[in-house]
Each structure stands twice: as structure tokens, then as C-alpha cells.
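Hi,

Here is the structure I promised to send over.

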Amino acid sequence: MTWVRRNKLAAAGLLIFVAIVVVGAIAPLAISASVVRNVQFADKLTAPDATHWFGTDDYGRDLFSMVLLAANLDLRAALSVVVAAVAIGVVIGALAGFIERLDEPLMRVTDVFLSIPSLVLAMAIASVLGRSIQNLSIALVFVSWPIYCRLMRGQVLIEKRKPYVRALTTLGVGHMRMIFRHIIPNTLAPVVARAPADVGLILITMAALSYIGFGPGPYVPEWGSLVAAGQAYIFQAPWLVVFPGAAIFITSLSLNLVGDWARDAFDPRLRS
Amino acid sequence: MRIADGGEYALPIGGRHGRNWQPGRGAVQVNPMGPGTEDAPHHRLGRRAVLGMSVSVAAATLAGRAIAAPSNTLVWDIAAGPQYVDPVMGTAAQANVMVVQNVYERLVWYDGAGQTPIPWLAKSWKVADNGQRYVFELLQGIKFQDGTDFNAQAVKFSFDRAVLMDDPTGIGSFFPTGTAAPGILKGAWGFSKSFGIGKDYSQSAVDVYMAAGGVKVLGPYTVEFNLAQPYASFIADIATFMGSIVSPSYVMAHWKQPADGRGFISGATAGARDDWMLYHACGTGPYELATFDKATANIVMRANPHYWGGPQGKIRPKLQTVIVRTTLDQATRLLDLKAGAVDVADINTAAIFDVIDKNKWLNDGNIAPIIADVSVPGPFPWLTIYFAKMNEKIQNPDGSPAAFQPFADIRVRKAFAGVLDNADVRRNVFNGFAEPITWGLTPAQLGYDPKLTKSYSYDPAEAKKLLLEAGKDLGFSEDHPKEMDIIYNAAAPWQGYIATQVAANISGLDVGLKMNVKALSFTEYVNSWRSKLTGFSIHSTFSLTPDPNSWLSAFGTGAGFWARTSSYDNPKADALYTQQFQTLDPKQRAALIAQMMQLVNNDMDWVWIGAATAYGQPTFNPNVLRSSVKGFYYNPTYQGFYFAALWKE
Amino acid sequence: MGFLAYVIKRLLLLSLVLLGVSIVVFFLLRGMPGVDPLAAYITPGLPISPDALNSLRKELHLDQPLPVQYYYYMNGLLHGDWGYSRTATQDVLWALLERLPATIELAFTAVLLSILLGVPAGVIAALRKDRVPDLAVRVVSITGISFPVFWLGIILQLVFFYYLGQLGLPHLPARGRVDELVALEYPLQPITGFYLIDSLIEGNLPFFFSALAHLVLPAFALSLISMASVVRIMRASMLEVLRQDYILLARSKGLPARVVVIRHALRNAITPVLTTAGTTLGILLGGAVVVETVFSWPGVGQLAAQGILNDDSVLVVGFTLFVAAMMVMVNLAVDVLYAIVDPRVRY
């Protein structure tokens with residue numbers, strides 16, 4: 001509990017995020033998926049009231065249900081992107097750091113991906129693959145793994161020189177085992193430092209991609225595409241933009257608060 | 001990297017001690033603090049910051065004051081700017097045509113709100129040889145904006161140029177070339193490669209076209225047109241932007257002979273675009289194109305001080321400057337309108353209730369603006385229609401026919417037509433800015449018959465019966481359901497609403513059809529229906545001329561643009577089409593058209609959703625005007641505005 | 001190693017990176033499974049004869065194996081032929097270069113703003129660590145990046161353009177680079193393409209002020225993307241510096257706190273911020289796609305966004321390569337500057 005007192009912001013962030021995750025997890029159980037296809041033109045664009053807590057959208061669908069269903073989809077997508085990016089980045093980075101011969105080529109490859117700004121690369125990949133949540137996620141994984149790779153490599157380079165590694169090498173422990181059993185578990189700090197904020201960033205990027213036109217379409221509830229679709233009605237029906245936008249904002253904010261703490265706590269190196 | 005001894009060091013950016021580093025003129029020094037400065041640099045920064053702020057405020061105020069434009073300038077926030085302004089190009093974009101309409105003029109045109117063409121640059125014309133030869137006497141003394149004379153040579157050049165350049169995006173494939181053999185101008189069809197007829201763009205091909213005599217100069221102010229077949233819409237077609245007369249000397253001044261062996265006439269290269277004329281213009285019209293900024297797609301037009309005044313000599317442009325600014329973001333356009341920063345703004349039909357009162361319009365039919373000092377022109381029977389089409393022969397991506405062909409059965413077609421609640425769509429999707437139509441023409445067009453019967457009406461119960469029956473023959477039922485796709489263009493949400501309604505209604509009938517609605521990117525959407533991959537799709541189309549020909553051919557003839565992709569073919573309708581095409585008497589022609597339309601309606605490949613009635617781009621952005629803009633009148637052939645008629649109070 | 005050798009080494013490495021980017025980009029354009037590469041080069045909806053399609057295929061070498069295609073593609077790139085964009089109706093490279101100054105002006109101003117606002121905020125947060133100002137600064141800066149940028153854009157327009165205008169107060173413009181009426185009255189001769197610079201060179205003050213006013217809102221919206229990290233880095237760096245011995249020495253000499261902070265601490269602490277300014281530019285180029293669309297800013301980002309709506313893969317891919325090339329050059333410039341400043345870098 002001293003942790004909570006000392007880090008009020010991070011604790012608040014964690015609480016909010018957990019709440020959102022719970023809501024997102026329950027949503028598909030409580031809300032039927034047919035809401036998405038339920039078109040009632042007569043009801044469209046009505047303001048929030050007792051029956052529709054968030055109002056209705058341009059198809060006449062209940063926005064509250066859409067936002068909750070989108071929570072499920074968005075969280076799953078963002079989390080899976082970050083998990084995949086971390087997995088790939090960590091493995092490649094560890095290999096690059098530990099095995100001399102692989103370092104240069106792997107780092108060049110990483111540099112290639114790092115030279116392209118994330119939104120731009122995601123755009124290019126998505127424009128060729130087509131619009132769907134899966135393709136967007138794939139594009140975002142491509143865009144996110146290089147940072148973790150770099151972080152990991154830096155850590156491994158340092159870790160490599162530590163006495164225990166030399167000791168284990170003398171004992172005959174092979175490279176692969178060394179990397180996966182010993183080194184990676186000890187060097188995950190900067191990765192953990194970065195990951196929470198990254199989830200928030202992915203959410204925002206998905207929203208931006210939907211705004212530009214890569215959204216998965218009106219039948220896939222996703223916060224970003226809800227906001228993008230609501231842009232046209234921003235004066236008539238501001239709730240279309242406010243509620244999903246607030247959802248993105250609050251989720252991202254809570255993650256950033258946690259991420260801020262994580263950075264300070266896990267990675268003093270980042271301060272310089 | 002820092003040197004941790006606390007002593008002097010030079011900063012990498014902006015520091016004055018870096019070797020070979022010179023801040024460029026106007027480059028901002030990021031850190032003005034160099035080493036060893038005596039006074040606290042913080043103060044200097046502070047003062048600079050204050051100065052900067054006051055400058056910004058001054059600028060903002062200046063900007064604020066500059067926004068209220070002088071009363072002889074019109075500012076328009078347009079949703080999509082022009083791509084090019086050469087009259088031989090650019091069909092779909094309203095903005096392209098809008099510029100062309102104000103800068104160039106034609107031999108015949110429409111007087112004000114009238115719908116019958118009157119002589120404009122021409123004095124008179126004679127028709128001979130059963131409608132295959134037109135001789136025009138031209139007005140004398142008219143000058144192009146570059147000071148050269150308008151004469152028969154200029155007319156011939158303008159049309160020959162359109163044929164020879166044969167641009168696939170442009171009107172070379174419609175008029176004056178035509179869309180089917182033998183074409184319109186003599187020799188044009190044989191030259192054009194658009195439909196795979198012409199073989200090359202060599203000099204000999206050019207010479208063959210020129211020798212065919214499609215356009216002949218008979219005297220300095222007399223020009224003759226020879227057509228390959230009698231064509232009833234000829235006058236209507238040359239009254240559109242497709243008949244614009246271009247200044248030959250202006251074009252030639254910026255034209256270079258091709259170096260790659262293509263054929264040419266002086267001023268036009270066969271099969272090639274004219275890069276200069278894409279973005280510059282010189283006509284006889286009341287406005288000159290002052291600037292066309294490619295990056296912003298902004299246009300500035302200025303009144304032509306030497307304008308000849310039109311056939312009555314009375315037209316004098318009152319607006320000295322017209323500024324058209326491309327503003328992609330709908331919310332920004334609305335803000336500009338509300339703030340009074342613009343005189344005209346394109347407001348999306350979906351957002352029209354930001355501008356007018358919803359209930360007064362939907363229930364009483366009154367356009368009552370809720371923003372101060374604006375008006376929304378309309379409702380007018382605009383030349384845009386919305387329809388759904390059903391493909392009788394669906395194909396697989398590899399070109400082979402699909403196994404399941406629901407729309408080959410007229411009962412299925414009737415059923416699908418019967419679940420589309422057109423009235424609901426017109427009210428809730430188009431927000432009331434659409435009127436019912438009996439055929440693929442708008443009520444304003446020649447030949448439109450309000451008494452035509454459609455063989456379907458909104459009747460879900462009937463639809464269910466028909467589908468249960470058809471299901472027995474086609475092999476679908478509740479126990480053995482089949483899946484079907486409805487596609488739409490993801491960038492056109494209105495199509496999505498309609499698609500969703502149809503899908504939900506069909507699925508709700510429980511007859512064994514599972515409907516999927518797919519939002520496709522524009523390219524995929526176009527490829528999908530062009531390659532006949534799709535069964536049911538929703539479209540809009542607009543016509544450049546009030547003449548019914550283009551839609552009659554598109555919907556009613558086997559080779560027609562829309563009919564092709566639906567595998568629709570009715571030889572009787574084809575025959576009627578050719579007949580009316582060549583019938584010069586309007587009454588006879590109208591009767592033939594009505595016959596043809598009824599025939600096509602009985603086949604039920606098309607669902608006529610409605611005709612647009614909001615004045616504005618075919619892409620559903622009605623133009624909203626400030627009430628200080630006066631002089632607007634509606635002419636269905638206009639795209640955008642004819643600025644010479646407008647003024648501000 | 002000598003300075004020149006270091007520069008050459010970096011140049012070679014970065015060229016390698018660019019080559020890698022070109023391979024990735026080429027693969028996207030021509031090598032995606034299930035996608036017909038010809039589709040990117042045709043305008044949908046136009047009648048095209050099979051003959052024309054075939055000759056186009058030959059012209060683009062689409063019938064050759066991929067490595068051969070890559071050779072022709074690279075050859076084209078190096079000769080300035082980046083393909084034709086049907087969105088811009090001009091060659092891709094030209095279209096991008098024409099619009100580049102607008103984006104640079106915007107991005108640069110955004111970086112500037114994020115530093116001008118972020119550095120003082122970070123300093124304050126460090127000086128008042130864990131107290132209210134610190135928390136406030138951190139929450140505000142995190143809030144800045146938690147907003148979807150396009151949402152922020154419209155809110156800025158609403159507040160600073162519309163509502164201020166309604167209240168009769170001086171307000172900021174919401175679209176474009178300059179007021180069209182001012183541009184007509186006081187035309188500008190383009191020299192560098194940067195409106196602020198050109199108007200000052202020519203002494204065209206009304207144009208200058210108008211362009212400046214138009215920069216404010218979009219640059220601010222864009223700057224928020226990087227501001228949080230500027231604040232964070234500045235704060236961390238400042239905290240680190242404040243712990244150093246020489247600071248203690250200065251304080252013990254009796255120098256007032258403010259002088260200590262500004263003259264000694266700040267100068268040393270600010271370096272990491274400036275390092276990241278280079279990479280921040282890259283992030284901003286991505287964010288510019290959205291900001292330019294919202295504010296009708298005629299830069300490369302807006303063009304790319306239109307290209308996407310148009311399915312103009314040639315343009316989108318060309319844009320990707322273009323941006324990567326710019327990032328690489330910026331990185332090179334930063335590396336070179338470091339080499340000038342700190343000899344230890346040239347290992």
C-alpha cells in the first residue's frame with residue numbers, strides 16, 4: 001500500500017486500465033453481436049437518453065453497446081500487437097547482442113524498419129494488404145518490433161560481459177540455452193518499461209489509421225473507426241466522437257500513467 | 001552526449017562554435033545560449049518570447065480582419081478541388097467542369113435557366129442531310145482572353161484536338177468520338193483507341209482522321225460538322241463543356257512537337273496530354289483562370305475585363321475575384337460557413353441538418369436554415385440518380401461463371417427490389433434530398449414518363465413468397481442456406497446504409513439466404529462490379545447533359561456502360577434505342593423513349609432508388625450559400641456556379 | 001579515425017539502410033501475394049483495352065522475375081522516376097518535392113514548439129519533483145499524447161477559430177497556409193518554398209504575419225505528439241544534472257538558484273532533448289499525415305492521405321521511401337554534428 005501512496009498516478013492508471021479490461025472482457029458476453037447489424041434508420045443520431053446511454057449512431061445502433069464491444073476488440077488487438085512485437089523484438093535483439101556475427105546484419109535490418117515512421121509504414125503495409133483488423137495488426141507489429149530489438153540488444157551487450165555469463169560459458173552452456181534461460185529473463189527491464197505506453201500508442205495509431213481511411217468498416221466495432229465515422233456528424237451528434245474518443249483517451253492515459261512509472265522504476269538508464 | 005566537467009562546450013545545434021556550421025538565413029537558433037554569455041540568456045529568451053507573442057496576436061487580428069472579403073470577391077470552400085482544367089479531360093470532377101464552364105464558352109448554350117440551347121458563340125446553324133451535317137455561322141468580333149480572334153479555325157482546332165488527344169479520362173471517348181460505332185464526328189471512331197478500335201497514334205492515323213472531314217472550315221466564320229450517323233443529341237452535347245472552344249494560339253504557344261514519333265497537328269499531339277493546358281486556360285468566357293495551385297488545388301478566377309457580353313451583350317461579371325479553396329475536412333467547411341469566412345461551402349448531405357432544420361424539412365418540405373444568413377438552393381431535379389443493380393451472370397475471379405446465379409431468375413430480382421424500402425432510404429439516407437423516379441432519368445429530362453410502371457414495390461411479404469419459390473429451383477432454403485455478398489464503396493457511407501438495410505431485410509425473411517455486407521476500398525469496389533464478381537451493388541451516376549441518351553444507352557442497351565456489367569441484354573430495347581437516337585423530332589423521340597423504358601423496367605434488373613434534389617456535387621455535397629450571394633438560378637446543366645450571374649450584397 | 005572517415009562510414013551505412021528500405025518498399029509494391037501489381041497503375045473505372053494493358057505490363061517489366069523488376073525499379077528511382085501518381089496527376093517525386101517545404105515548415109515549427117514548451121515544463125517538473133507542479137506537468141503532457149490527433153485538431157479549430165471568432169475576439173485561422181486574400185493582395189515570389197523565410201526575405205510583412213498565424217494551430221496540434229517525451233527527457237536529464245558535484249559547488253559558492261539552474265544545469269541537461277529532436281522529426285512526419293488533412297495543409301502528408309483514399313499504391317509507397325530517405329538524412333546530419341562536437345564519438 002505504500003506503493004499506492006507513493007505512486008498515486010500510476011496506481012490510478014492501473015486501476016482504470018484494469019476496469020477497462022474487465023469491461024472489455026465481459027462485453028461480448030453481455031451484448032449480442034447482432035447489435036452491429038441492427039439498422040434502424042428512424043432511430044439514427046439520437047442524443048443520449050435513458051434507453052441509449054451514449055445515444056445512437058448513424059445506423060441507429062446503440063453507441064454504448066458499440067463502444068463496449070469495441071473495447072473488447074481494441075484491447076485484444078493492441079495487446080496482441082504489443083505481445084507479438086515484444087516477442088519478436090526480444091528474440092532478435094538477444095540474438096544480435098549475443099552472437100557477434102549476427103549483430104551487424106540484424107541491426108541493419110532493424111535500422112531499415114526504424115527509418116520509416118510508424119504511421120507511414122503501417123499505412124503502406126495496410127494499403128497493400130487491405131483493410132481489416134488483422135491486417136492493421138500485422139502492419140503495426142512490423143512497425144513496433146524494432147524498438148524492442150534495439151533495447152534488448154543494448155541490454156544483452158552489457159549483460160554478456162557479466163561474470164556469471166562467462167562462468168556459465170566455461171561450464172559449457174550452449175548459446176541458445178544461455179540466451180533464453182538466463183540472459184533474457186535478466187534483461188527484460190527496459191522492455192517492461194516501455195510496453196504499457198506502447199499499448200496506448202497502438203490504440204491511437206489504429207484510430208489515426210481509421211481516420212485516414214484504413215478502418216475495418218462499419219461492421220467491425222473499433223473505437224478509432226467509430227470516431228472517424230462520427231467526424232461527419234460532429235456538430236449534429238457530438239456524442240459519436242466524444243464517447244469513443246474518450247474511451248481511447250482514458251485507456252491511453254491510464255496506460256501512459258502506468259508506463260511513466262514503469263519507465264522510472266525499471267530503467268534508470270533511460271534518464272540519461 | 002555531454003562533457004561532465006561543467007565547462008565550456010559547444011552545442012551541436014545552433015551553437016556558434018561548431019565547425020562548418022552556419023545557421024542559414026532565417027534558420028531558427030534552437031538554443032541561443034552560447035557558452036560564456038554574461039547576461040542570463042533566460043531573460044533574452046523571455047523578451048523574445050513576449051515579442052513573438054505580440055506579433056502573433058497582431059497577426060491573428062490581421063488575419064481575422066482579412067477574413068471578411070470585399071464585396072466583389074467570392075470565397076468558396078469546396079470539398080474536392082479540380083484535378084485539371086483542360087476541356088478535353090476530366091469527366092467526373094464537378095470542380096473541373098466548373099472552371100471550364102466559366103472560362104470557356106461554346107457554340108450554343110443555355111440562356112439562364114432555360115433548357116433549350118440557344119446560339120451563343122454561333123449566330124445560327126443549319127441542319128442538313130438528315131441530321132448528319134451541321135453548318136454554323138459564327139459571331140464576329142469576339143476575342144479570346146489572350147487577345148486573339150475567335151473564328152472557325154479555332155472551332156475546328158478545339159474539336160480536332162479533343163479527338164486526337166484521345167484521353168481515356170476525358171470526353172474523347174464520349175463526344176465527339178462516341179461510345180459505339182460508327183461514332184459521332186466522321187473519322188473520330190476509327191481513330192480512337194479507347195474501345196480498341198484505333199490502331200496507333202502515328203502521323204498516318206492522324207492524317208486519316210483529318211482527311212475524313214469531321215470538322216470543316218468553310219469560311220473565316222463558317223464551320224461545318226459532318227457526323228458519321230444522324231445524332232439527335234448533337235446540339236445538346238456541344239452545349240456542354242465538351243464543346244468548349246479553346247484559343248489555338250495560346251495552346252500552340254506552349255506546345256512542343258513530340259520527339260517520339262507520334263503523329264500531331266500543330267498544337268495537339270495524338271494520344272498525349274497537354275501538360276500546360278492541364279493547369280492553364282484561355283477561352284472567351286467571362287472569367288480568366290488566374291491561378292491553379294496544384295499543391296492546394298486552390299483556384300483563383302478573375303473577371304475578364306474584355307468579355308464580349310454574351311449574345312445579348314448584357315453579361316458583365318460583377319464578382320471581380322472568385323477564390324475556390326479545397327478544404328477536405330467537412331467540419332472545417334462547416335466552421336468556415338458558420339463563422340462567415342466563406343460565401344459558399346459544400347456541406348455533405350449527411351450533415352445537412354447542421355445547416356437546416358430537420359423536422360421542418362422532413363415533415364413540411366421547408367428548407368429553413370438554422371445558421372444565420374445562409375440559404376440552401378433546392379430542391380431541384382438534379383442530374384444525378386441513385387440505383388441498385390443486379391447482375392444476371394456473376395463471374396468468378398478467373399472469369400468462369402459462378403455456380404450460384406440467383407439474379408438470373410426474375411423472381412429473385414423482384415424480391416430483392418421488393419425489400420429495398422426506397423421511401424425510407426430517400427428520407428433517412430439522403431435526408432429527404434431525393435425524389436422518386438420511375439426510370440433511370442430525372443423528371444426534368446426529355447422522355448421521362450411519370451406514368452411508367454415499375455414491376456415491383458416495397459413488399460417484404462411478396463418478396464418472401466417469391467424467394468421461397470425461387471429457392472426450390474435454385475437450391476436454397478432455410479435448411480440449406482446459401483451465402484451472398486452485397487458490396488459497397490467504403491468511402492460512400494450512404495451505400496453502406498442501403499446495403500445494410502437490404503441485407504438485414506433479406507436475412508430477416510428466413511428464406512435461406514445469408515447476406516454479407518462488404519465494405520470495399522474504391523478500387524476493389526470498382527473492380528468488383530466491372531469484372532462482374534458481384535451480384536447486388538448500389539451506385540450513383542450523373543449525366544453531363546440533360547439529353548437522355550447517355551442513360552438510355554447505359555441502362556437499356558446490351559453494350560451500355562451499366563448493362564454490360566449486369567449482363568443485361570434486351571434486343572428489343574436495343575432497337576428502340578437506335579431508333580430514338582436518330583429521331584430528330586422531340587415528340588416522336590419521347591414516345592420511343594417511353595416505350596423503351598417500360599420494356600427495360602419489366603425486366604427488373606434495376607432498382608430506381610431516387611434522383612438527387614440537392615444542388616451540388618454529384619458526390620453528395622450540396623452547396624450552401626450565404627444570403628449575401630445573389631443572382632443564383634438553377635440550370636441542371638451547370639456544374640457548380642456560373643459566376644457571371646452572381647453578385648454579393 | 002578521422003572526421004572524414006567517420007562521415008564516409010556513416011554515409012555508407014545509411015545508404016545500406018536506404019537500400020533495405022527500397023527493398024521493403026519494392027516488395028510492398030510488386031511482391032505481395034495475391035495482389036496484382038498492375039492494379040496500382042491503372043485508374044479504376046476507365047475502359048482499357050487488353051492491348052493497352054499488355055503494353056503497360058511490358059513497360060513496367062511485370063512479366064519479368066522479381067529481381068529483374070527490382071533492377072529496373074532501382075534504376076528508375078535513381079533517375080528520378082518514382083512512378084506516376086494518379087492522385088497528384090504528376091510524377092511521384094515531383095509531387096512530393098513540391099509539397100515538401102510546407103511539411104518541413106510545419107514539422108520544424110512543431111519541434112520548436114515542443115521544445116519551447118516542453119523544456120521549461122520539464123525543468124519546472126524537475127525542480128519541484130514529486131510536488132504538485134511536477135504531477136501537473138506530467139499529467140498534462142501525458143494527456144497531450146493520449147488524445148487522438150485528429151480529434152484534437154477539430155477541438156482546436158472549434159475553440160480558437162470558431163468560438164473566439166463568435167465572441168468577437170482575435171482568432172486563429174483553421175485551414176490553409178496563408179489567407180488567400182492576403183496572398184492575392186501581396187503576392188509572394190517562391191524562393192525556398194518556406195513561407196516564413198521567403199516573406200521575410202522579400203519584406204512582405206502582411207504575408208509573413210498571415211503565414212505565421214496559420215502555422216500556430218496545426219503546429220501546436222502536431223507538437224503535442226512529441227511534447228510528452230520532451231518533458232520526460234528534460235525532467236530526467238535535469239534531475240541527473242542537478243545531482244552532479246559541480247552544481248553543488250556552484251550553490252556553495254553562493255550563486256542564486258536561478259542562475260545555477262539556467263547557466264549551468266540547463267545547458268548541460270538540454271543535450272539529450274536535442275538528440276531526440278532528430279528522431280522526433282520522423283515521428284512528426286507520420287503525424288503530419290493526419291494534421292495536414294484536418295487543417296488543409298498542402299504538404300506531403302495530405303497528399304499521402306489522399307493517395308490512400310484513392311488506392312494509389314505508387315504514391316503511398318513512394319511517400320514511404322521519401323520519408324525514410326529524409327529520416328536517414330536527418331540522422332546523418334545529427335551524427336555528423338555529434339562527430340564535430342564530440343571526438344569520442346568517432347570510434
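Keep in mind that this is a predicted model. I'll begin with a pair of residues in chain B: Arg133(B) has Asn226(B), in E7(B), as its bridge partner. The two strands involved are E5 (residues 133-138) and E7 (residues 222-226) of chain B, which run antiparallel to each other and pair over five bridges.

Helix H3 of chain B (residues 152-165) packs on the sheet and touches E5, E6 and E7 of chain B. The direction of this helix makes about 175 degrees with that of E6(B).

As for the sheet itself, it is an open one of four strands in chain B, in the order E4-E5-E7-E6, with antiparallel pairing. Strands E4 (122-128) and E6 (215-219) of chain B each have a single partner strand, so they are the edges and one side of each has no neighbour in the sheet. On average, neighbouring strands are turned by 20 degrees against each other, ignoring direction.

Next, where chain A touches chain C: 39 residues of chain A and 46 residues of chain C take part in the contact. On the chain A side, the elements giving two or more residues are helices H4 (100-114), H5 (118-129), H9 (189-214) and H11 (239-266) of chain A. That side is made up of 26 nonpolar, nine polar and four charged residues.

Finally, chain C has 14 helices and two strands. Its C-alpha trace spans about 85 × 60 × 40 Å along the principal axes, and 50% of the 347 residues of chain C count as buried.

Cheers

Methods
Residues numbered from 1 in each chain as written. Chains lettered and ligands numbered in written order. Predicted model: local features only at pLDDT ≥ 70, side-chain atom pairs only at ≥ 80, totals over all residues. Pairing = 2+ DSSP bridges. Axes fitted to C-alpha atoms, helices over the stretch in contact; angles between N-to-C directions. Contact = placed C-beta atoms within 7 Å. Nonpolar A, V, L, I, M, F, W, Y, C, P; charged D, E, K, R; others polar. Buried ≥ 20, exposed ≤ 12 C-beta atoms within 10 Å, placed from the backbone.
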